[in-house]
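Keep the viewer open as you read.

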Amino acid sequence: MAGARQKDPSLLTNKRGGRGRGMTVLARPDAFIAPAPPSDLGPAGKAVWESFWRSEVSAAVDIEADREDLEDWARCVDERARFRAAIKKQPLIEGSHGQLKRNPLAIDVKDLSERIQKYSDRFGMNPMARWRLQFTVSEAGKSANDLLKLLSEDVPEVIDLDGDL
């Protein structure tokens, strides 16, 4: 029957725990050194590369296995920024018959944006992707890093609460 619910909503819920366990990673130590960006990246590509490696989600990435995809993502971001700058300078170009038409780089920007979005979803670079991956950073890893940071700081041996010393 059209428009009528065929199954009871309670039958649609997965009561066995969903797809599996979420992805939990330990927080990176403060001493972590991010891999160097590819040498052919411009300013926009280098900025997103460095931003990604400062984020918590980068702890889930295996640089050996994922480096090629991450480099392609950064190159796409860089190329899109260059194309956008060119479009901003010249949004309309002259066609073969002298008519004005939209800069064809706009199509490339759209294609690059789609590729960037796919990489963002794959690597958990946006809130919805992290939710789909059930990505969490272990509090144990955060606490261990905080404890190591406290231990490495110079802490006075005696704290005078009464002011007698």
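A salt bridge here is a side-chain nitrogen of Lys or Arg within 4 Å of a carboxyl oxygen of Asp or Glu. Please bear in mind that this is a predicted model, in which local features need pLDDT of at least 70 and side-chain atom pairs count only at pLDDT 80 or more, while totals for chains, interfaces and linings use all residues. Residues are numbered from 1 along each chain as its sequence is written, and side-chain values use heavy atoms, with hydrogens and water left out.

Side chains of opposite charge can pair when their charged atoms come close. The structure holds seven salt bridges. In one of them, Arg122 meets Asp69 at 3.1 Å, N to O. This pair links distant parts of the chain, with Arg122 in helix α4 and Asp69 in helix α3, 53 residues apart; helices are DSSP runs of H or I with at least four residues, strands are runs of E with at least two, and both are numbered from the N terminus. Arg122 is partly exposed at 47% relative accessibility (buried means under 20% relative accessible area, exposed over 50%, partly exposed in between, with a 1.4 Å probe and protein chains only). Asp72 and Arg115 also form a salt bridge, at 2.7 Å. Asp72 lies in α3 and Arg115 in α4, so this pair ties together parts that are 43 residues apart in sequence.

Glu71 is buried, with a relative accessible area of 15%, whereas Arg75 is partly exposed at 31%.

The axes of α3 (residues 63–89) and α4 (residues 105–123) come within 9 Å and cross at roughly 150°; axes are lines fitted to C-alpha atoms, for helices over the stretch in contact, and angles run from 0 to 180 degrees between N-to-C directions. That makes α3 roughly antiparallel to α4 (angles under 35 degrees count as roughly parallel, over 145 as roughly antiparallel, 65 to 115 as roughly perpendicular and the rest as oblique).

On α4, Ser120 is buried, with a relative accessible area of 11%. Leaving aside residues up to four places away in sequence, Ser120 touches Trp73, Met125, Asn126 and Ala129, where contact means heavy atoms within 4.5 Å.
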